[in-house]
Amino acid sequence: MSGLDSVTRPLVIAVVGSGPRGISVLERIAVRAAAEAAEAAERADAAERAEAAVPADPSGAAGGRSPRPVRVHLIDATEIGAGRVWRTDQDDWFTMNTVVSQVTMYSGGPDGGPDRPGAGPSLGEWIAHRHETAGEPALGPDDYASRVRYGQYLTHVHRTIAEHLPPHVELVPVTGRVTALRTGPDDGYLLSLDSAPHLLEADRVVLATGHPFNAPDAFERTMLAFTGRNPGTHYLCGDSAADMALGEDTVPPGSAVGIKGLGLSFYDVMLSLTVGRGGTFRHEEGTGDGGGLRYLPSGREPRIVAGSRSGLPIPARGRNQKRPDFSHRALFLTRDALLHARRARGGGGRLDFAEDVLPLLRREIDHVFYVTHVRNSSGREAADAFAEAHAELLRAGGDPGPLRASAGLGDVPPVDLDALARPFGDTRFASAEEFRERLLTVMDEDLAEAELGTLDGPLKSALDVLRDIRNVVRLAVDYGGLLPASHTGFFHGRFLPVNALLSAGPPMARVEQLRALVRQGIVEVAGPGTRFEADDEAGAFRVVSPQVTGSERYVRSLIDARIPTPDLLRDTSPLTRQLVDEGLVRPYVIEGPAGERHATGGLDVTMSPFHVVDRSGRIRPDLYALGIPTEHTRWFTQVGSSRPGVSTLFYQDADAIAVDALRPLGAGPGPGREAAPAFIPAQQSGSPAPTGRGATVGARRGKTS
């Protein structure tokens, strides 16, 4: 490449996937590029005023008013700016599970100017503005938006990025599916697409491909084979409910349909088969059924039989009382505590989650739980004094029982996560009706706790710690921070199901709707330990809970309402298959001190800025992966937004990639790793601290989420 070409030829970046992760990278590229252009112009102006020549800079950043040209290809197979999960043509009953005031895609808040990269409204502020200017439905700051509304917000963010790019940056939207990615000339990449332009060249590529389509596992193969032998039966593998074939051809009106899983996606499927069939919910006075919410059927609904391991529909999130920039300050599960535990472990410093992490997390939860109780009963001043003494006791390993008793809480047991997630335990129920009444009681109790709120409610405020402290848990878990047996056994097998059930619930309104459907007999929950089996003799699927006498039901359609777990080796995407087969990517493997190995299924990447590691262990400095494909290498990558006024990891991840992707060609990559570290150091992210025009208010405050 000639010296002139190295300055004048555009630096080409391809972002594959334009959902929240892809848009976040684009937004930070725009902010960083604008800052670079402004700084170059300032230097040139200063040089002119001093009547001094400025030496040429090969990067173009300091040699004139215009930095090197940049071209960004933003590629998406579904909808540019929203992606598949948040696309704007889906039905409006699919709902987010984060309140609108806590969601933003801009890395800085509004500043009085136009919405643009680095300065724009949160989702709640945007909805309020659209209500005022366009008469669109209003939502309060603590309300929940539909997924289609968030998709519309995402497309607004994309549009404002495109409209406010600096002159030297060109954005090229490409609607199509990337089917292959191979090395090209000048150490770049060639991207093959299933539609025009069919072939693209790029110097750097960001993989932000989102939720996968996995090849069927053993259970799914059994169910699909059964449907092949039994015409008229249907089995749907897990996916976003908006993309499932939930129409009347698959699930006829009046038929019985089984639903496997009672998590967030269960509610989406439930609504598709009720509200989506023309039914409505209505509050009625004087019904005497605990809330007055009733479902008015259309007559096109099926009869729903659902179940899961716990038999408990995912509980409601507490009524939000927290400011968007709220940050729980960890007192026990801290970076220092984890480093101390690693040093004590020796032998590479990998942790045992049950022994080294969970006890500290339980202290955090119990501390918030009891302090909230004291604040409610005795006021803030008493609560502050109790909190100080209680924390000191827990740190010292003392018995907090007498202190709790002196505060009138001697008979209030600590939070039992396992009991909350498995409230039915091993109880045997004499009939389906007996279990139904117990289930409704549990749901009523949960809704009462949720109504108390995320600050005033002792239980929901304590469970919110599971959300607030995710970053510290990541320090323990990411990049093989746990012993292989602990990672696969306790963390994945026991903790994550409990954590998912108790920390990521739907809005209270969804649980109230389910309660009404259960009361009216439209939805039946089979019970704990639900089994889903293919019965050739009956020509139908069998749904039964071994703990509930008389729970056996037969259904002709069975729906898996669980989002597929990312697994690099099961992902059916043509791009992923090609990358794996040709060795450009590899699964992340955890290695234990005794040589034990566990292939996680996550895509192997370095620490920030997340360069891909290929089959041979070589770092690909111009190929990045972010979000869901890297799950298991990093934990909880499905986060789909940042929070206003907070320097979240979502923001930091995008910024780190933007900084590295904009570096001059030929320059070395940003910080990462050459091999899996034995543990995560105190500073997990290698991204530079936000500075200058690209910094956000939250970043300057040093907050994290």
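## Loops, strands and helix packing

Q: Where does Pro609 lie?
A: Pro609 lies in the loop between strand S19 (597-603) and strand S20 (611-613). Strands (E, at least two residues) and helices (H or I, at least four) are DSSP runs, numbered from the N terminus. This is a predicted model, in which local features need pLDDT of at least 70, side-chain atom pairs count only at pLDDT 80 or more, and totals for chains, interfaces and linings use all residues. Residues are numbered from 1 along each chain as its sequence is written, and side-chain values use heavy atoms, with hydrogens and water left out.

Q: What is omega for the peptide bond that joins Ser608 and Pro609?
A: Omega is about 15 degrees, and the bond is cis. The bond from Ala196 to Pro197 is cis too, with omega near 10 degrees. Pro197 lies in the loop between strand S5 (189-193) and strand S6 (199-202). Most peptide bonds are trans.

Q: Why is Asp186 called exposed?
A: Exposed means over 50% relative accessible area, buried under 20%, and partly exposed in between (1.4 Å probe, protein chains only). Asp186 has 57%, so it is exposed. This residue is in the loop between strand S4 (178-183) and S5. Asp186 is not a glycine, yet its phi is positive, about 55 degrees.

Q: Why does His632 count as buried?
A: Its relative accessibility is 10%, so His632 falls under the 20% limit. His632 has a positive phi of about 90 degrees although it is not a glycine. It is found in the loop between strand S21 (619-625) and H19. Most residues other than glycine have a negative phi.

Q: What makes strand S9 (residues 256-260) largely enclosed by the rest of the structure?
A: Five of its five residues are buried, so the strand is largely enclosed. Both faces of S9 are covered: Ala256, Gly258 and Lys260 are buried on one side, and Val257 and Ile259 on the other.

Q: How do you know that S9 and strand S12 (residues 303-307) pair?
A: Pairing requires that DSSP finds at least two bridges between two strands. S9 and S12 have five, in the parallel sense, so they pair. Ile259 stands opposite Ala306 in S12. S9 is also joined to strand S17 (residues 557-560) by four bridges, and the two run parallel. Here Lys260 stands opposite Asp560.

Q: Which side chains of strand S18 (residues 587-591) are buried?
A: Tyr588 and Ile590 point to one face and are buried. S18 pairs with S19 in the antiparallel sense over four bridges. Val589 stands opposite Ala599 in S19. The two strands form a hairpin with five residues between them, and Gly595 in the turn has a positive phi of about 90 degrees.

Q: Why are H2 and H19 called oblique to each other?
A: The axes of helix H2 (residues 20-49) and helix H19 (residues 649-661) cross at roughly 55 degrees and come within 8 Å. Axes are lines fitted to C-alpha atoms, for helices over the stretch in contact, and angles run from 0 to 180 degrees between N-to-C directions. Under 35 degrees is roughly parallel, over 145 roughly antiparallel, 65 to 115 roughly perpendicular, and the rest oblique. The pair is therefore oblique. The contact (heavy atoms within 4.5 Å) includes Arg28 and Ile29 of H2, and Tyr651 and Asp655 of H19.

Q: How do you know that H12 and H17 are roughly antiparallel?
A: Helix H12 (residues 432-452) and helix H17 (residues 508-519) pack at about 160 degrees, with axes 11 Å apart. That angle is over 145, so the helices are roughly antiparallel. Among the contact residues are Leu440 and Met443 of H12, and Val511 and Leu514 of H17.
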